[in-house]
Every structure is written in structure tokens, then in C-alpha cells.
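Here is a walk through one protein model and its side-chain contacts. Please keep the sequence at hand while reading.

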Amino acid sequence: MDALDKLGILAEAARYDAACTSSGAMRAPRQDRLGATQPAGCCHAFTPDGRCVTLLKVLLSNACAHDCAYCVNRSSASCARATFAPRELAELTVDFYKRNYVEGLFLSSGVLGTADATTERMVACLRILREDLRFNGYVHAKVIPGTSPELVDALGRLADRLSVNIELPSATSLEALCPEKSRDAVLRPMAQIRSRREDEERLLLAGGNAARPPRLGARGGR
Ligand code: SF4
């Protein structure tokens, strides 16, 4: 399977992952028409200066160890599966950036074995993007519930925004529909992100903003 085949599967698999915006329209491309409201591929984020930037919205993998009843990527679903190698996705993002298709990346994933193993691959992808390919554009990463604090921290150092999905309103419904997930596994990284952001804001106020090496693209801000 080449990178574009994987992109077709993994961009479509990401379409229900909560992002900032969604249109709800579904019109497939037609030969005699210009444009399409394709089911997958991009989402958008708003920068502090009011710009709306386009992000490649994709999963690192839709091969998930969990079986959440409502999810298209659940382990019991019979759908095509694909997984990007970290470098493959990083290079694809930069290729699309250079063609002016996107200005950033929205990265989520199914659970590839364990939350930590998945996040290690996400961190590897973002590290290649930031450090090897010098990408300075906007990156929004989803935290996989159950990821250890050190890896949430590593992900947060490479992304502009982290978020965690609260898919169900109560511990009871979570247990009924996502038996492998716990409320604590969802809420713990949220509390960590909030606490780290407050630390960063205190550091910034104290003038401790560390300089970064030059990178490709203009960063959209936190
Ligand atoms: S862990 Fe995420 S990707 Fe996997 S089945 Fe549950 S909601 Fe879907």
C-alpha cells in the first residue's frame, strides 16, 4: 500500500474526530462539476490574528485495539486498515504544505496496541516534522486516553494544541460502550495539559520563552 492509498483510508477514518469546524455537507466529486464536499481530508483552525488555516486531518493508524461501540474504527468493524510510518506522514505533510494544500496538521490515531505505543509513534512523527523537516506550521494532536504523563508532555512540546475527546458524559455510559477506557484515563491528561499550560504561562510572564531553531512555515499560535 503506498502513502496515497493509506491517506485515503486514514483521512476518511479521521472524519468523526472532533476538530474545530465541520460543514456537515456530503457531496462526492463529479466529472462535470467543480469542487466537492468530500467526506474527509482537511479541517481548519483559527489563529490569534484571525486567519483560518487549513490542516491535513488524518489518523496515524485506524488499526485500533479497542472496540468502542460507536466508532467506525473499532476493532470489530470490517473496514480497510492502514498505518503510516512516522516519517511517511511527516514527509506527506511537508509535501502538501509546499504545494499550498495545507498549512498544518491535525493528528489523531486509533490505539495501536497500547496508548503509550501509539503516542510514541505520534511523537516520532512530530519530531521528524519539527526537527528534521523544520516544519514550523500549526499542529493539533489528540491525546490517546491512558497515555503516560511523560509522553503527553513530549507530545505537547511538539504540538501547538493538544486535546482529549470526552466521548461520553458519564463513567457508566463509558463503561457500557467503551469497556477498555476509563473516565480517569480521559480526565487525567486533561488535568495535566491544563496544569502544564498554566506553568508555561507563568514562565512566559517571567520572560522564560526559549528560542527555537528556524523552521518551515509560519506557526499559527497556541
Ligand atoms: S479507542 Fe478511539 S479509535 Fe479506538 S475504537 Fe475507541 S474511539 Fe475508536
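Is Phe-135 buried or exposed? Phe-135 counts as buried because its relative accessibility is 0% (buried is under 20% relative accessible area, exposed over 50%, partly exposed in between, with a 1.4 Å probe and protein chains only).

The model is predicted; local features need pLDDT of at least 70, side-chain atom pairs count only at pLDDT 80 or more, and totals for chains, interfaces and linings use all residues. Residues are numbered from 1 along each chain as its sequence is written, and side-chain values use heavy atoms, without hydrogens and water. The protein chain has a mean pLDDT of 86, with 87% of its residues at 70 or more (pLDDT is the predictor's confidence in each residue, from 0 to 100).

The structure holds 2 aromatic pairs (ring centres of Phe, Tyr or Trp, the latter by its six-membered ring, within 6.5 Å; planes under 30 degrees apart are stacked, over 60 edge-to-face, the rest tilted). Phe-96 and Tyr-101 form a tilted pair, 5.4 Å centre to centre with 55° between the planes. Phe-96 is buried at 12% relative accessibility, whereas Tyr-101 is partly exposed at 47%. Tyr-97 and Phe-135 are edge-to-face, because their planes stand at 80° with the centres 5.5 Å apart. Tyr-97 belongs to helix 2 (residues 86-98) and Phe-135 to the loop between helix 3 and strand 4 (138-142), so this pair ties together parts 38 residues apart in sequence (helices, H or I of at least four residues, and strands, E of at least two, are DSSP runs numbered from the N terminus). Tyr-97 is partly exposed, at 22% relative accessibility.
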